[in-house]
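This report describes a single protein chain, with attention to its confidence, its salt bridges and one of its helices. The sequence and the structure are shown first.

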Amino acid sequence: MRISVYVNDELGARIDAAAEKLDIKKSEWIRIACTEYLSASESGRCVEETGLDSFDNENNEIIETQNKEILQLKREVETQKEIQDAYNKLISEKDQRIDDMKESISRIEAMSITTTDQIASSKDDRISDLGQMIEHLQAQAAAHSRVLQSSLMPALESEDGKNELKPGDDVDMIQKPRWMFWK
């Protein structure tokens, strides 16, 4: 229901002052005042008996209590907002760390694959290099063997200038010296 009431300037100023004192709207103050008046008249008390000051004091106490409750609720809401903001920050930091770890794992996997490929190709290269080195060393050993055989041939000849080699012996093989006990 909507009620329109016209008051003189003095009463209007008193209502404004009382509402500002309690930090509420004028309409809220008037509603509370009417409610208190009606509840006082229903209980058998009359405004003239209690006086306007006691009526204002009761209203002021009720309004102050409600204002304290409102302030407490505002503080709790602000605390909840701060807690939620902190929680959201923690969640976003956690998500960022997870993304960073995923990137690190991907880089490590890529490096591992690259390193494995390099090791495998390097191993194949080393094996072929070692095979070539072995062939080269075998060729050098054969050349050195022939050089040694040709240089030792004159020493192996007998005193009368005959060669002790038998016709079926391999020329590439080094002859056994007589002083060795080989058969």
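The expected span of a helix is 1.5 Å times one less than its number of residues. Helices (H or I, at least four residues) are DSSP runs, numbered from the N terminus. The model is a predicted one, in which local features need pLDDT of at least 70 and side-chain atom pairs count only at pLDDT 80 or more, while totals for chains, interfaces and linings use all residues. Residues are numbered from 1 along each chain as its sequence is written, and side-chain values use heavy atoms, with hydrogens and water left out.

**Confidence**

The predictor's confidence in each residue is given as pLDDT, from 0 to 100. For the protein chain the mean pLDDT is 80, and 79% of the residues reach 70 or more. Helix H4 (residues 52-156) has the highest confidence, at a mean of 88, whereas helix H3 (residues 47-50) has the lowest, at 50.

**Helix H2**

Helix H2 consists of 17 residues and spans 24 Å from its first C-alpha to its last, close to the 24 Å expected at 1.5 Å a residue. Its buried residues (buried means under 20% relative accessible area, exposed over 50%, partly exposed in between, with a 1.4 Å probe and protein chains only) are Trp29, Ile32, Ala33, Glu36 and Ala40. These residues lie on the same side of H2 because they cover an arc of only 100 degrees around the axis, the arc being that of the directions from the helix axis to the C-beta atoms. Ser27 and Glu42, on the other side of H2, are exposed.

**Salt bridges**

A salt bridge is a side-chain nitrogen of Lys or Arg within 4 Å of a carboxyl oxygen of Asp or Glu.

| Pair | N to O distance |
|---|---|
| Asp16 and Lys26 | 3.4 Å |
| Glu28 and Arg31 | 2.4 Å |
| Lys94 and Asp95 | 3.5 Å |

Asp16 and Lys26 form a salt bridge that links distant parts of the chain: Asp16 belongs to helix H1 (residues 9-22) and Lys26 to helix H2 (residues 26-42), 10 residues apart. Asp16 is partly exposed, at 29% relative accessible area, and Lys26 is partly exposed at 47%.

Glu28 and Arg31 are 3 residues apart in helix H2, and therefore about one helical turn separates them. Glu28 is partly exposed at 28% relative accessibility, and Arg31 is partly exposed at 47%.

In the remaining pair, Lys94 is partly exposed at 43% relative accessibility, and Asp95 is partly exposed at 36%.

How values were computed: Helices (H or I, at least four residues) and strands (E, at least two) are DSSP runs, numbered from the N terminus.
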